[in-house]
Amino acid sequence: MTVTNRRRSPANCDAKRKATDASSSRRRSKDSRSFSGIMILAPITIIMGSVLFTLSLVTMTVLHITSDMGQDEPLLRKLRTKPEAHEHKNQNEVDRRLVRAETQEGRIKNQPQPVLKDKEENTTEGDDTGGDDTAGDDTEGDDKAGEDEADDDEKEENEAPQQRERFLQNPLKSGQIQPIRWKNDHTMVSVDALRIGLPPELRRELRAMMERSGVVDAARYRLFSDPLAPESITLQNLPHRRGTGSSFFQVHRPGMYDMSDNTWFDPGNEATHEEELAALGRGNFDVVLDALGKFYGKTHLTVYGMGIFALSKCDAGAGIHRDAPGSGVINVLIAVELADGADPELIVASDDESRIGEMKYEYDVGLVIGGDVPHGTIEADYREKKGVLRMVASVYIAEVTDDNIEDLMDESSSLFPLQGDVRWLEAQRGRHWGGGKNMAHDTGRKAFEYHDQDQEYCAEKASIGWCEDGTYAYDMFNECPKACNVYDPKFDIKSESVHSALQ
């Protein structure tokens, strides 16, 4: 049998059979089987052709869709990338919007972005035709873009609030350190977010110092009788119960706390700052410095500032912030007075703020919040219970080095130490821990030179109260440090404890 026999019509096959003799019946039987094979293969060939045609259509459609989505693929690839893969100088500044968008990949992939497409088309038409029509199209495109941006903002506002988690809070012994860990998976939030056991005498000494210096009474007055307006500052010589100590404080309500009555009491000069250091020394803060110095592998540490804040209420929605990114500052929060039975008070977030947790202040357990750790205040309202407030001491510690000394002083939010006062901080380097130094036997800072820029002018303005006037104090402190008693030479380094100068 040849290939041509398969391609003949049935009529030609009949004519061929009449011309053959009866002895060819076996051959006819073979031809009959060949014809049957043709009848079977024909439908299969048709089906395969249809399948190939369908596949070609699908391929063209996929290519078309892929070309349309090309503008979205780089964005999605960026969103899928973990923050660690981005070459940022500071990984803590990863935009939280990228994290939220990563969880909404399906919505972003299907978004046609009509505004961008319309703008491109209108620009092309303007290039071809020119004239006022182009301006009209551009204006319409801008209006549509504004409407879409407003819709996006409204969607963000209507998004469900981020779910808050909780942290492990086990009892700690004095000097014991525990990284803050998420309760559900026990992973560490950050190497710069810790819990540390405090000596019980520390809170007692801080409370006694606050009462002697008038801070406790002033806090109650500012919260319940005469609150400060947001962003307002006043300087006050608070009445000291012993009559001989320094109680000059900068009392201020930062603008970032306009949603709460959070009021800060920062030292207004070196003498008041040293009163706070003396209280820390009596409270055995050396235990804290020793634990932190060894945990972080430091060679020396300096306590260069302490502020006290008090509040009785905070509205929902207060922002999350970082104290001093990249500076290496260690901030130890010490609860001095808490509202009984209160809910968690502090928000602590992961570096990229993709996870947010609620932390409860505890007596005799400090919270270590590094300069790069996002944190904030949780909504609360204690005003239904008369006189109830929260008071926390915020102690600032650093290993002062040539690399971070300017950053530390640039981040100063209080009147003292003066912002940018590198000379003063250099005199404090290594003062409180390392090389045999400690706070229990604090020998003071190194001496340094400081002068008034115009002695006659400074003396005149100081005599009329400009050093204690919030309007002029900042300039006076910088230009007239001697006339304003910003520094005190009795705190220069000496062989005996500098605390004796405060008795």
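Modeller: What follows takes the labels in turn, for a model that is predicted.

Biologist: What makes up the overall fold, and how much of the protein is buried?

Modeller: The protein has 16 helices and 15 strands. Of its 503 residues, 43% are buried. Among contacts with a separation of 6 or more, 72% join residues 24 or more positions apart.

Biologist: Why is Arg-195 called buried?

Modeller: Buried means under 20% relative accessible area. Arg-195 has 0%, so the residue is buried. Arg-195 is found in strand E3, residues 193–197.

Biologist: How do you know which polar contacts the side chain of Arg-195 makes?

Modeller: The limit is 3.5 Å between N or O atoms. The side chain of Arg-195 reaches the backbone oxygen of Asn-170 at 2.8 Å, and its contact with the side chain of Gln-178 is at 2.7 Å. Both values lie within 3.5 Å, so both pairs meet the distance limit.

Biologist: Why is the pair Phe-295 and Tyr-296 called edge-to-face?

Modeller: Ring centres must lie within 6.5 Å, and planes over 60 degrees apart count as edge-to-face. Here the centres are 5.1 Å apart and the planes are at 85°, so the pair is edge-to-face. By this rule the count comes to 10 aromatic pairs.

Biologist: Is Phe-295 buried, exposed or partly exposed, and what makes it so?

Modeller: Phe-295 has a relative accessible area of 36%. Buried is under 20% and exposed is over 50%; 36% falls in between, so Phe-295 is partly exposed.

Biologist: What makes a set of residues a nonpolar core, and which residues have the most contacts inside the largest one?

Modeller: The members are buried nonpolar residues joined through side-chain atoms within 4.5 Å. The largest core has 43 residues, and those with the most contacts inside it are Leu-206, Met-210, Leu-280, Phe-285, Leu-292 and Ile-397. Helix H10, residues 215–224, gives the largest share, 5 residues. A second, separate core of 28 residues includes Leu-415, Cys-480, Val-486 and Tyr-487.

Notes
Residues are numbered from 1 along each chain as its sequence is written. This is a predicted model: local features need pLDDT of at least 70, side-chain atom pairs count only at pLDDT 80 or more; totals for chains, interfaces and linings use all residues. Side-chain values use heavy atoms; hydrogens and water are left out. Helices (H or I, at least four residues) and strands (E, at least two) are DSSP runs, numbered from the N terminus. Buried means under 20% relative accessible area, exposed over 50%, partly exposed in between (1.4 Å probe, protein chains only). Contact means heavy atoms within 4.5 Å. Rings of Phe, Tyr and Trp (its six-membered ring) pair if their centres lie within 6.5 Å; planes under 30 degrees apart count as stacked, over 60 as edge-to-face and the rest as tilted. A polar contact is a pair of N or O atoms within 3.5 Å; within protein, one must be able to donate a hydrogen and the other to accept it, and residues adjacent in sequence count only if both atoms are side-chain atoms.
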